[in-house]
Amino acid sequence: MARPRRIVLVRHGESEGNADDSVYEREPDHALRLTPTGREQAAAAGVRLRELFGTETISAYVSPYRRTLQTFRELRLDPTRVRMREEPRLREQDWGNWQDRNDVRLQKAYRDAYGHFFYRFAQGESGADVYDRVGSFLESLYRSFEAPDHPQNVLVVTHGLTMRLFCMRWFHWSVAEFEALSNPGNGEFRMLVLGPDGRYRMDRPFERWTTPEPYDLDG
């Protein structure tokens, strides 16, 4: 099994929706573009990633949303060393189709009170739903490692929640641990690095906004 040296998870740069949530009333989520700031963030991430990868090969999986595809393009990786595939299972959490801004804000408030993992948006998904499709993707990823010529690196260009759920599934984090974590910033990345003991470790943790409260405690 040719396991990669690194698995790098990148969040897309700032999108039109990050800058102005009223855009969701006019444009579908999957079609939102990067802002000029988002392009700069992706380009800056690309400088660091090109230095990191050097001449090594890369297997890239990219969410099919416009902002993630634009982010991947702005990374400007050497196309002769990258095998890129769109991967729908890495898409953003579905919040429904055409969105009413006030309704989404209300539902986000409900989600904050109910829990990000279990709350399901009306006509959309819960964090648990995204966890299941990320798990399906990971099963496919594991099988790809069986190829003797598998690239030395895996690159995943996706969304903040999806990044956290990827790591939750990979490292077997609890729901309470997941709930305590914040999304990375736009254009930020995290690496899972293969150690000499054959185990992957994160290069740096996600920030916590609170202390995890285990679900098996009374109170």
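How do the residues of the lining of the largest pocket divide into nonpolar, polar and charged? In this predicted model, six of them are nonpolar, ten are polar and nine are charged.

**Largest pocket**
- The space in the largest pocket comes to about 410 Å³.
- Its lining is made up of 25 residues, and Arg11, Glu92, Trp95, Arg111 and Asn183 lie nearest the centre.
- Helices H1 (16-19), H4 (101-114), H6 (160-171) and H7 (175-179) are the elements that give two or more residues to this lining.
- With three residues, H6 gives the most.

**Second largest pocket**
- The volume of the second largest pocket is about 240 Å³.
- It is lined by 14 residues, of which Glu179, Ala180, Trp209, Thr210 and Tyr215 are the closest to its centre.
- At least two lining residues come from each of H4 and H7, and H4 gives the most, with three residues.
- This lining divides into seven nonpolar, four polar and three charged residues.

**Sheet**
- Six strands form an open sheet with mixed pairing, in the order E3-E2-E4-E1-E5-E6.
- Strands E3 (82-86) and E6 (200-202) are the edge strands, each pairing on one side only.
- From one strand to the next, the twist averages 20°.
- Strands E1 (residues 6-11) and E4 (residues 153-158) run parallel and are joined by six bridges; arginine 6 has asparagine 153 in E4 as its bridge partner.
- Helix H3 (residues 66-75) lies across E1, E2 (58-62), E3 and E4, and runs at about 135° to E4.

Terms used
Residues are numbered from 1 along each chain as its sequence is written. This is a predicted model: local features need pLDDT of at least 70, side-chain atom pairs count only at pLDDT 80 or more; totals for chains, interfaces and linings use all residues. Side-chain values use heavy atoms; hydrogens and water are left out. Two strands pair if DSSP finds at least two bridges between them. Helices (H or I, at least four residues) and strands (E, at least two) are DSSP runs, numbered from the N terminus. Axes are lines fitted to C-alpha atoms, for helices over the stretch in contact, and angles run from 0 to 180 degrees between N-to-C directions. Contact means heavy atoms within 4.5 Å. On a 1 Å grid over the protein atoms alone, a cavity is a set of points where a 1.4 Å probe fits but cannot get out, and a pocket is an open set with protein on both sides within 12 Å along at least five of seven lines; lining residues have an atom within 4 Å of a point. Grid points are joined across faces, edges and corners, and a volume is the space filled by probe spheres set on the points. Ala, Val, Leu, Ile, Met, Phe, Trp, Tyr, Cys and Pro count as nonpolar, Asp, Glu, Lys and Arg as charged, and the others, Gly among them, as polar.
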